[in-house]
Amino acid sequence: MGEGWQLLTIRGIPLRIHPSWFVILLLATLAFQQQYALSLGSQLAPAALWAVALVTALALFVSVLLHELGHSLVALRQGVKVKSITLFLLGGVASVERECSTARGALMVAAAGPAVSLVLGFGLLASTHAASHVAPVLGQMVERLGALNLILGLFNLLPGLPLDGGLIVKALVWQFSGSQRRGVEVANACGRFLSLFAVGMGTVLLLRGGGIAGAWLILLGWFGLGAARNQKQMLVVQQALKDLKVRDVAQRRFRVLEADTTLRELSRLRLGTAPPIAEAGEGAPPADQAANGPAEWLLVCDRGRWQGVIDDAPLQSLPVQCWDQERVGDHLQPLSSLPAIPESAPLWQAALQLDDGNHQRLLVLSPAGLPCGTVERPELGDAVLKKLGLRLPANLLSVARRENGYPLGMALGQVARGMVSSGDVSPLTDSVSR
């Protein structure tokens, strides 16, 4: 949807306005003006009617903002960071960093928004009589806002994602079944049914001359179907991150040097002028012949035994005259200095480790603890996309590799963190990484 324009910050939460919000503001103002024209046309001038309609529309969106703030403030109390609140065409949405780690917390966050709307609705309706004594137009405004807040609260309680009622269903199923995934599946199925029903009802209304009401139902249904499809894809992504192992996506993006290689040869290799490196001794993997120049990591062996890793520090610290006498074996760093992961680890652990440590790549270790490959973000993203039935074009994969990022902007690290925080997977143990 995009972030839109930031207006202000409330309790550290940025409030943003999406460009589509101005469309619904215009439509709401027009609808209120027509209503006020029927009931107050003889009491107010046309310009005043438009002004009252605009104020009512803005007050309605203040109610929507309070609804989203209800979600956000409860989320903050549950330890969940709220990234932003955005008002857009279909109302408002609060963007959170992750889901609650407990079903009870998720239930409280989901119920907070409708609770705010219902309290506002009943409170405004209860004050209608007093507002009418102040001014008839104020009484009508308060009454309309009260009724709309009740509708907003009750509509959001419909039991299907992405509505709050769907989140409540998800939390309840999660609580009683012990499986968040099962909760998402049930709530998503309910949401898909409600969306299809909305599209069907909207189509019937349009055919019978329902006009805006029918088009609005179809729009809501279309939005709901898109959200259901996205949620289903998210479940597939999470399952792929659990099912696929690091060995399934590992590449060999390192070269192997013998310990007696001179720093001169290391320099030539870094400049790309050295001949292909011969295969290392027995027990070591063959050197990686990367198409885009020498690999970033240079692992060092001595007669088939892994010794460590070398970088460019010796070339920078030693004079050129010493490069022919100095050997790479004299300037090694231990292999343990590289971020590593077992080849048997699931992909979600690799995604989490790459993001949490801000690493470019991980060294993949065999069951014996020896280097057997590397894993990077592009390989992870490509494997998950294939699991979704999507084959990434070579040029997009090349762009991802050049930027060392996930293809198509996939936030697999964030997905993995959500899986951990929800209890869908167990947290990393000390043996996973170093």
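Where is Pro-162 found? Pro-162 sits in the loop between α5 and α6.

## Basis

This is a predicted model, in which local features need pLDDT of at least 70, side-chain atom pairs count only at pLDDT 80 or more, and totals for chains, interfaces and linings use all residues. Residues are numbered from 1 along each chain as its sequence is written, and side-chain values use heavy atoms, with hydrogens and water left out.

## Backbone geometry

Helices (H or I, at least four residues) and strands (E, at least two) are DSSP runs, numbered from the N terminus. The peptide bond from Leu-161 to Pro-162 is cis, with omega near 10 degrees. Most peptide bonds are trans, and most residues other than glycine have a negative phi.

Arg-11 is not a glycine, yet has a positive phi of about 55 degrees. Arg-11 lies in the loop between β1 (5-10) and β2. Arg-11 counts as exposed because its relative accessibility is 66%; exposed means over 50% relative accessible area, buried under 20% and partly exposed in between (1.4 Å probe, protein chains only).

## Nonpolar cores

A nonpolar core is a set of buried Ala, Val, Leu, Ile, Met, Phe, Trp, Tyr and Cys residues joined through side-chain atoms within 4.5 Å. The largest has 32 residues, of which Trp-21, Phe-32, Tyr-36, Phe-61, Ile-85 and Leu-87 touch the most other members. Elements giving two or more residues to this core include β2 (13-17), α1 (21-40), α2 (46-77) and β3 (82-88). The most come from α2, with ten residues.

Beyond neighbours within four places in sequence, Leu-87 is in contact (heavy atoms within 4.5 Å) with residues including Leu-15, Trp-21, Phe-61 and Val-64. A second, separate core has 29 residues, among them Leu-241, Val-375, Leu-412 and Val-415.
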